[in-house]
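The sequence and the model come ahead of the details.

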Amino acid sequence: MIKLQIVIPTLDQSGAEKQFGLLACGLPKDQFDVHVLALSRGGPYEALLAEHHVPYTILKKRWRFDPTPIRQLRRQIRLTQPDVLLSCLFSANTAVRLATAGLRKRPVTIISERCVDSWKSGWQLTVDRLLRSRTDRLVANSKSVAAFYQQQGFPAERTTVIPNGVEIPPPPGLTRAELLQQLGLPPEARLIAFVGRLAPQKGLRHLLWAAQLLRQADPNAYLLLIGDGPERSDLEQYARDVEVTSHLRLLGHRRDAASLLHLIDVFWLGSQFEGMSNSLMEAMACGRPVVVSDIPPNRELVQHGVEGWIVNPGDSVGFAQYTLRLLQEPELFTRMGQAGAQKMQAAYSVDRMVARYAELLANEVNRSAK
């Protein structure tokens with residue numbers, strides 16, 4: 001039995017937290033004794049862990065540089081003697097490696113990076129570099145993330161790529177007609193959707209301009225932005241500036257965001273950088289054709305002209321043109337949607353993701369025992 005502690009920043013409804021919640025619940029219970037530790041706070045994924053009888057502890061980190069969770073982690077490690085520490089994202093990756101400093105017996109320490117973190121400042125990259133010697137393995141969720149961290153100096157031989165796993169989202173709790181009525185849209189409306197954080201790197205201004213171009217060709221095309229974030233008020237103002245407000249709906253944060261993907265027509269993702277987008281994968285799992293920006297992680301998921309279309313970042317005209325084709329050509333629409341669903345089922349299932357982690361964890365424990 002491998003004793004595993006998974007350390008994540010929160011139990012919020014976010015992409016990385018979802019992946020590691022699914023992992024914690026999916027690992028075989030006869031092979032792994034799993035305990036989840038959240039640095040800052042709980043959240044929606046507490047219910048998932050409780051449902052699968054996975055114990056968890058919330059360390060209640062109070063501010064950005066609060067050392068208390070590191071001391072708590074260190075006590076947990078000394079008390080429970082885990083075989084493996086598995087963490088994700090900068091705050092948790094830093095905390096576990098600081099917590100193991102000076103321990104006579106250090107657990108196998110595996111960190112996971114989830115994005116091409118070009119946002120990291122110099123001090124954060126320095127911290128990563130200084131803690132590299134306390135890291136047995138780095139797991140990236142895409143080839144582009146692995147390449148980014150290898151460019152920062154992390155050894156390729158200690159890097160593993162395990163893509164995200166995707167579940168087909170559950171059926172929505174309302175019909176498409178009910179959603180349209182809820183949004184004040186006509187029955188003939190065609191729904192284009194983005195799901196994610198409203199942040200600058202998502203290229204949302206370009207999507208708003210694409211929506212303006214698209215509605216000139218098809219007045220029944222409407223853009224839904226599902227999510228919240230720091231750009232919301234700026235996007236609302238920009239929508240007024242380019243006169244697309246009538247064809248835009250900002251739905252905010254919704255717990256049923258993934259389920260709503262069953263009710264849309266086309267999914268958009270215009271990010272400048274990503275790790276591996278959960279919402280893109282969920283849209284494909286729902287059989288939705290996609291139009292996405294030409295960045296490496298999107299190219300890992302979407303083949304141009306097969307599951308959807310790939311356009312240059314910021315190419316609003318490309319987003320509008322390709323979406324118009326999908327709306328006007330039902331056979332193409334259906335074929336691309338089915339291709340995406342088949343790809344997600346065949347290559348990106350949660351079972352496949354969990355199995356790859358299980359194999360990695362076992363191999364690292366065996367290697368450390370030699």
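## Lining of the second largest pocket

By class, the second largest pocket is lined by seven nonpolar, six charged and two polar residues. This comes from a predicted model. The pocket has a volume of about 310 Å³. Its lining counts 15 residues, and those closest to the centre are Pro 82, Asp 83, Lys 105, Arg 106 and Pro 107.

Which elements give two or more residues to this lining? They are helix H3 (68–80) and helix H15 (350–369). H15 gives the most, with four residues.

## H8 against H13

Helix H8 covers residues 204–217, and helix H13 covers residues 316–328. The two pack at an angle of about 45°. Their axes lie 8 Å apart. Angles from 65 to 115 degrees count as roughly perpendicular and those under 35 as roughly parallel, so H8 is oblique to H13. The crossing of H8 and H13 is right-handed.

On the H8 side, the contact is made by His 206, Leu 207, Trp 209, Ala 210, Leu 213, Leu 214 and Ala 217. On the H13 side, Ser 316, Val 317, Phe 319, Ala 320, Thr 323 and Leu 324 take part. How do the residues of this contact divide by class, and what number is charged? The contact of H8 with H13 has 10 nonpolar and three polar residues, and no charged ones.

## H13 against H14

H13 also meets helix H14, residues 330–347. The axes of H13 and H14 come within 5 Å. They cross at roughly 105°. H13 and H14 are therefore roughly perpendicular to each other.

H13 brings Arg 325, Leu 326 and Gln 328 to the contact. H14 brings Pro 330, Leu 332, Phe 333 and Met 336. By class, the contact of H13 with H14 has five nonpolar residues, one polar and one charged.

## H8 against H9

H8 has a contact with helix H9, residues 232–241, as well. Here the packing angle is about 30°, and the axes are 10 Å apart. Are H8 and H9 roughly parallel or roughly antiparallel to each other? The limit for roughly parallel is under 35 degrees, so H8 and H9 are roughly parallel. The crossing of H8 and H9 is right-handed.

Leu 204, Arg 205, Leu 208 and Trp 209 are the residues of H8 in this contact. They meet Asp 234, Leu 235, Tyr 238 and Ala 239 of H9. The contact of H8 with H9 has six nonpolar and two charged residues, with no polar ones. Trp 209 of H8 is listed in the contact with H9 and also in the contact with H13.

Notes: Residues are numbered from 1 along each chain as its sequence is written. This is a predicted model: local features need pLDDT of at least 70, side-chain atom pairs count only at pLDDT 80 or more; totals for chains, interfaces and linings use all residues. Side-chain values use heavy atoms; hydrogens and water are left out. On a 1 Å grid over the protein atoms alone, a cavity is a set of points where a 1.4 Å probe fits but cannot get out, and a pocket is an open set with protein on both sides within 12 Å along at least five of seven lines; lining residues have an atom within 4 Å of a point. Grid points are joined across faces, edges and corners, and a volume is the space filled by probe spheres set on the points. Ala, Val, Leu, Ile, Met, Phe, Trp, Tyr, Cys and Pro count as nonpolar, Asp, Glu, Lys and Arg as charged, and the others, Gly among them, as polar. Axes are lines fitted to C-alpha atoms, for helices over the stretch in contact, and angles run from 0 to 180 degrees between N-to-C directions. Angles under 35 degrees count as roughly parallel, over 145 as roughly antiparallel, 65 to 115 as roughly perpendicular and the rest as oblique. A crossing is left-handed if the near helix is turned anticlockwise from the far one by less than a right angle, and right-handed if clockwise. Contact means heavy atoms within 4.5 Å.
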